[in-house]
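Let's work through a protein model by question and answer. Keep the structure in view as you read.

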Amino acid sequence: MANDPTPLHVNVLSDFLGAGKTTLLNHVPYQDKSVSRDTVLRSSLLGEYVAIGWFGYAVFGVLLWSLFVLQNPLSLVVVGSGLWIAFRVSGVYPGQFWAFFISGLWLLAVGALATAGIKNLPAWMSTGAQSPPVWTGLMACICVLDYLDWQLAARSGRSAEENRKVIRLHLLIAIAGLVLAWSIALPFGSLLYQWGNPPISGKFQKEELGLVGNIGFRFCEAFFTFWFFVIGANIGSFLNVVIWRMPNGKSIVYQKSSCPVCGSNILGRDNIPILGWLGLGGRCRSCNVEISARYPIVEAIVGCVFLVLYFVELLTGGINLPNRSVNQYAGVLWIILYTKWDLVGLYIFHCFLFCTLLTWMLMTKDGNRIPSRLILFSFAIAILAPIAFPNLCLVPLWKPLPAWLSGWVGIALHGVIGSIAGTISGFVAGRFSRLVFKSVDSPERILALCTAIAGCVLGWQAAIAISAIFMMLALLTALSLSPGKVATKSSWILMGVLFVAVLLHHLTWRLQWSVFFS
Ligand SMILES: [Zn+2]
């Protein structure tokens, strides 16, 4: 029997909907259609307070937006959704499909308004704390809560197997719904916008797509977004194989994917990221042994990292990247279709960094040594890729840069010095976390290795910033977790914290650079 990675015990889906678990929510008499306080939101004291605050906020928003109905009739959308939010958080009729459905419709309406924009109003209305984008966020929360209430009420009559089927079906409907919402609701949103904000002069000279053209273009955008997630999830699936096979000296390329227990080949359709696992109900098709939930979770994490960078780094024209002017024309059309290769290159390079970090961390988590040829391979890419494509090297080693450092020597030094700074600062961060967590196992080696590759890719300044963010987050984590939990899982928690620190740094990189280094 091969070494299957130990399960994470974060089987979120089956924990959430699995049968036989007694939770606070299980005993709620949902069949009783009368007022029930025990919704997901109101099942705890904290939730009660949140609900009260939410209610007040919604009522205040309704009053505020009512004042502007004559100025712009579209304000009615916000007023209506505010009334609905107030109604939902009051906890009446939980666990019913129609409530979830209506919340979804309101979400579409407010979301379309937020994306299209609203005019003829004071600036603090259209961008402030009561603006349509904020209301979209609130409405999305209501939608999720209504979904959870509905599912918790419905699951009692279903077996675990049926529950999995339902989750799979809902996941597919959600994907299709997102695509449809984006490609059909948004064009109607902009029609709505033109109706609410008629052009003042007779000629409307801006080049506008017609409704059909707009729908087609949005479909295209939704498809690309979905596609980036799929690429990420597939790479996550490959990383799962690398994480498990490589430390065991098995071939990554020349072996078909097979069940680690019974050795039978895995069918193509069962190998589809996330959906394959859900389709099998988390069990092998031949021997019925349980397949760790870690596989779909890793796939989802990589897919989400690809998607977050796609939205923040690609579609914005590189708004998070330091020392580089943001592309003036952004979005799917200007970045992906009229491909901006320098930005796409940076995107791939940074996705490579996150994949490497995840792979190393999970190998360490499994108790395996990271193969030295994998470490060499990763550092070789991190140092050589910018020499081949100088655009990948964003920040200078120093300002002003001496003339002899302007060519490839400077770029190579950027990688080497970044690695050294990462090693040192990561080691310091590891010592610090050992003090904070008082753990028995030593996290310094893996932390230093991870910050070293981050420094190699992003530069020495980033390595130091990441270590600083890591130490702050580690301190917060230590303060918020119970001591027993910290002692047993410390190195695993610390690796997770480091991954979050690198992601946080990456999303705010430009800001930090402008504050500290320029
Ligand atoms: Zn099997």
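Q: How many helices and how many strands does the protein have?
A: This is a predicted model. Look for strands, and the count is 0. Helices are there, and they number 18.

Q: What percentage of the residues of the protein count as buried?
A: The protein has 518 residues. A residue is buried if 20 or more other C-beta atoms lie within 10 Å of its own. The share that counts as buried is 33%.

Q: Among contacts between residues at least 6 apart in sequence, what percentage join residues at least 24 apart?
A: Start with the contacts in the protein between residues at least 6 apart in sequence. Then keep those that join residues at least 24 apart. Their share is 72%.

Q: Which residues of α2 are buried, and which helix do they pack against?
A: Helix α2 covers residues 45-66. Its buried residues are Trp54, Ala58, Gly61 and Trp65. Seen down the axis of α2, they fall within an arc of 65°, so they line one face of the helix. The helix they pack against is α3 (75-89).

Q: Which exposed residues sit on the face of α2 turned away from its buried side?
A: The buried side of α2 holds Trp54, Ala58, Gly61 and Trp65. Now turn to the face pointing away from that side. The exposed residues there are Leu45, Tyr49, Gly53, Gly56, Phe60 and Leu63.

Q: Are α12 and α15 roughly parallel or roughly antiparallel to each other?
A: The axes of α12 (residues 341-365) and α15 (residues 444-458) come within 10 Å. They cross at roughly 170°. Angles over 145 degrees count as roughly antiparallel. The two helices are therefore roughly antiparallel.

Q: How many residues of the contact of α12 with α15 are nonpolar?
A: On the α12 side, the contact includes Phe349, Leu353 and Trp360. On the α15 side, it includes Ile446, Leu449 and Val457. In this contact, no residues are charged and 2 are polar. The nonpolar residues number 11.

Q: Which helices do the buried residues of α13 pack against?
A: Helix α13 spans residues 372-388. Its buried residues are Ser378, Ala382 and Pro386. They pack against α12, α14 (408-437) and α15.

Q: Leaving aside its neighbours within four places in sequence, which residues is phenylalanine 379 in contact with?
A: Phenylalanine 379 lies in helix α13. It is partly exposed, with 19 other C-beta atoms within 10 Å. Its C-alpha atom is 9.1 Å from that of alanine 452, which is 73 residues away along the chain. Its contacts beyond those neighbours are Ser419, Ile453 and Cys456.

Q: What is the phi of asparagine 288?
A: Most residues other than glycine have a negative phi. Asparagine 288 sits in the loop between α9 (275-279) and α10 (294-314). It counts as exposed, with 11 C-beta neighbours inside 10 Å. Its phi is positive, near 65°.

Q: Where is asparagine 323?
A: Asparagine 323 has a positive phi near 60°. It is partly exposed, with 16 other C-beta atoms within 10 Å. Its place is in the loop between α10 and α11 (331-337).

Conventions
Residues are numbered from 1 along each chain as its sequence is written. This is a predicted model: local features need pLDDT of at least 70, side-chain atom pairs count only at pLDDT 80 or more; totals for chains, interfaces and linings use all residues. Axes are lines fitted to C-alpha atoms, for helices over the stretch in contact, and angles run from 0 to 180 degrees between N-to-C directions. Helices (H or I, at least four residues) and strands (E, at least two) are DSSP runs, numbered from the N terminus. Angles under 35 degrees count as roughly parallel, over 145 as roughly antiparallel, 65 to 115 as roughly perpendicular and the rest as oblique. Two residues are in contact if their C-beta atoms, placed from the backbone, lie within 7 Å. Ala, Val, Leu, Ile, Met, Phe, Trp, Tyr, Cys and Pro count as nonpolar, Asp, Glu, Lys and Arg as charged, and the others, Gly among them, as polar. The expected span of a helix is 1.5 Å times one less than its number of residues. A residue is buried if 20 or more other C-beta atoms lie within 10 Å of its own, exposed if 12 or fewer, and partly exposed in between; C-beta atoms are placed from the backbone. The arc is that of the directions from the helix axis to the C-beta atoms.
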